[in-house]
Amino acid sequence: MADLLADPTLRVFAICAAILTLKLVFMVTLIGVLRNLRGGHLNPEDYRFRGRTPGPPDELVERVRRAHQNDVENIPVFLAVGLLFALSGGSPTVAWWVFVVFTASRLLHTVFYLAALQPWRSVIFAVGSVAPGVMPVLLIWRTIR
Amino acid sequence: MADLLADPTLRVFAICAAILTLKLVFMVTLIGVLRNLRGGHLNPEDYRFRGRTPGPPDELVERVRRAHQNDVENIPVFLAVGLLFALSGGSPTVAWWVFVVFTASRLLHTVFYLAALQPWRSVIFAVGSVAPGVMPVLLIWRTIR
Amino acid sequence: MADLLADPTLRVFAICAAILTLKLVFMVTLIGVLRNLRGGHLNPEDYRFRGRTPGPPDELVERVRRAHQNDVENIPVFLAVGLLFALSGGSPTVAWWVFVVFTASRLLHTVFYLAALQPWRSVIFAVGSVAPGVMPVLLIWRTIR
């Protein structure tokens, strides 16, 4: 099955999926580092282990966590449906745009979230919703035509 | 790879995956619209941008968000494992039932959640757990036999 | 497409994906059972249906929910990217290690979470982050080389 990545659509998808997965790992690591630096742990044993007194949630940790939560709600669906979409043929140009715009918009969404920039965060979120809106419609079209 | 959708199991999976993805996009859009209409934002800058005073969470927004959260916990796993399941052969009839029952049950789950209908929400949730329960067992069976 | 599971990498992935999916179903069921036994429901109608007075969140339910939430943030991404990774060729030995270590670390993570064992929960979480860190790098390498 090693020639799957010879397909141009699969190549773009693989790069985008890789970037988005590394982004998720980066965010999770960032949250872990921030919790260690600033507190805002989720469990009593986390406070005990670090010899700290339990405190209220930390504002910065909570903001990064909300940005990550938004990724968790959107990226895994894209990864699964995007693979199906890439495997199901269709125009490589359309796929390229769908994959690249989604990936770029998710990176920008986090930047705008952490910088608390509105309405840019909402605008880029809407841009990032084009991919999960367009792929299903094209999948249905390819299946029933 | 354009003939993947010639396979009857993949065709059913593609339609179900498309419906479930559109459902997620719809719910996210609904939450956004409701937050704009009723408040219940997550961030101070969201209130500032709309010139509102920060308030407590809105009950309707929170209910839609909980229904969506339940989707987030269940649909992406189905999309990924369902694709593997569809690609790994087996009876198209079994796949059809697994995919269609899951998809229908997720749609009904949201209806029952928004209408606050118990025990129907719990019953349909259990029905929707058949797919992620049966697919792994059949995958293991296909692999080791 | 029935010979996909003839590929050794796909076979290991299928087994790991099956175990992780069953784990998610188990955790969701456990949360449901605990809520029924101990309370800590999310909705007013859940309390009404069981004839209970709404109460504060239950500590044990919340702990299992947090462990499950951590799964939801990590397992679907692995299932989607792991399938792409398994389909894209490469060394079966590397794939075996990536898949098996991730799966084992997620099982142990839940054990350590429920037992409130630190720093072991953090250590095994880091081990479980190797797979979503390594797969994207290898995917990019396979695509651009």
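Over all chains, the count of aromatic pairs comes to 18, where rings of Phe, Tyr and Trp (its six-membered ring) pair if their centres lie within 6.5 Å. The model is predicted: local features need pLDDT of at least 70, side-chain atom pairs count only at pLDDT 80 or more, and totals for chains, interfaces and linings use all residues. Residues are numbered from 1 along each chain as its sequence is written, chains are lettered from A in the order in which they are written, and side-chain values use heavy atoms, with hydrogens and water left out.

**Exercise 1.** Classify the aromatic pair of Phe78(A) and Phe102(A), and state what the pair ties together.

*Solution.* Step 1: a pair of aromatic rings is described by the distance of the centres and the angle of the planes. Step 2: for Phe78(A) and Phe102(A) these are 4.1 Å and 10°. Step 3: planes under 30 degrees apart count as stacked, over 60 as edge-to-face and the rest as tilted, and this pair is stacked. Step 4: Phe78(A) lies in helix α3 of chain A and Phe102(A) in helix α4 (residues 92-114), so the pair ties together parts that are 24 residues apart in sequence. Helices here are DSSP runs (H or I, at least four residues), numbered from the N terminus.

**Exercise 2.** Describe the interface of chain A and chain C, then the side that chain A gives to it.

*Solution.* Step 1: 31 residues of chain A are in contact (heavy atoms within 4.5 Å) with 33 residues of chain C. Step 2: the two chains bury about 2,600 Å², 73% of it on carbon and sulfur atoms; buried area is the accessible area (1.4 Å probe) that two parts lose on being put together, summed over both. Step 3: three salt bridges cross the interface, each a side-chain nitrogen of Lys or Arg within 4 Å of a carboxyl oxygen of Asp or Glu. Arg121(C) and Asp46(A) meet in a salt bridge at 2.9 Å, N to O. Step 4: on the side of chain A, α1 (8-38), α2 (44-49) and α3 (59-87) each give two or more residues. The largest share, 12 residues, comes from α1(A). Step 5: this side divides into 23 nonpolar, four polar and four charged residues. Ala, Val, Leu, Ile, Met, Phe, Trp, Tyr, Cys and Pro count as nonpolar, Asp, Glu, Lys and Arg as charged, and the others, Gly among them, as polar.

**Exercise 3.** Describe the side of chain A that touches chain B.

*Solution.* Step 1: 33 residues of chain A are in contact with 31 residues of chain B. Step 2: Leu84(A), Leu87(A) and Thr143(A) supply 23% of the area that chain A buries against chain B, more than any other three residues. Step 3: the count of salt bridges is three, and Glu45(B) and Arg121(A) meet in a salt bridge at 3.6 Å, N to O. Step 4: elements giving two or more residues are α3, α5 (120-128) and α6 (130-144) of chain A. The largest share, 12 residues, comes from α3(A). Step 5: the residues divide into 20 nonpolar, seven polar and six charged.
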